[in-house]
Amino acid sequence: MIAYITVGVDDIDRAERFYSAFLPALGYRLEVIHGELSYALPEKPGHAPSLPEFYVKRPFDGGPASAGNGTMVAFQARNQQQVRDLHAAALAAGGSDEGQPGFRDLYGPNFFVAYLRDPQGNKIALYFSNRNEPGRDV
């Protein structure tokens, strides 16, 4: 089980605008700790915390943040329309497009995904895959 994922950024305010444009719609709540962002899923009473948590921070070593080549974080949406909506919201909040919402046959006939980059260049995917959702692009 992955406990948490961290991406590095140089501008916390820009990152907060970007990530807060879509993560709350996926159930994540934001807590700002020491000026850095912690997005977590709600805890259910009597249960272990829902994982993974997602942190957005300045690099610990004080150097500039950089996006990893080949590194990507994927967030699961509830349906194809939510992928579309959240991709648009993230672009409006300062992200850049890395792949419009649509099916990617390479990953199976029902894999619907959109790719983007946060303002720092970190790659993010929003996806949904369910063979019971109606046909190709709605």
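How many residues has helix H2, and how far does helix H2 reach from its first C-alpha to its last? Select residues 80-92: helix H2 has 13 residues and reaches 19 Å, close to the 18 Å expected at 1.5 Å a residue (1.5 Å times one less than the number of residues). Helices (H or I, at least four residues) and strands (E, at least two) are DSSP runs, numbered from the N terminus.

The model is predicted: local features need pLDDT of at least 70, side-chain atom pairs count only at pLDDT 80 or more, and totals for chains, interfaces and linings use all residues. Residues are numbered from 1 along each chain as its sequence is written, and side-chain values use heavy atoms, with hydrogens and water left out.

Now go to the ends. At the start of H2, a side-chain oxygen of asparagine 79 comes to within 3.2 Å of the backbone nitrogen of glutamine 81. After H2, select glycine 94, whose phi is positive, near 110°.

Finally, select isoleucine 2, in the segment before strand E1 (4-8). Isoleucine 2 counts as exposed because its relative accessibility is 54%, the cut-off being over 50%. Leaving out residues up to four places away in sequence, isoleucine 2 touches Leu51 and Pro52. Its C-alpha is separated by 24 Å from that of alanine 21, 19 residues apart along the chain.

Notes
A polar contact is a pair of N or O atoms within 3.5 Å; within protein, one must be able to donate a hydrogen and the other to accept it, and residues adjacent in sequence count only if both atoms are side-chain atoms. Buried means under 20% relative accessible area, exposed over 50%, partly exposed in between (1.4 Å probe, protein chains only). Contact means heavy atoms within 4.5 Å.
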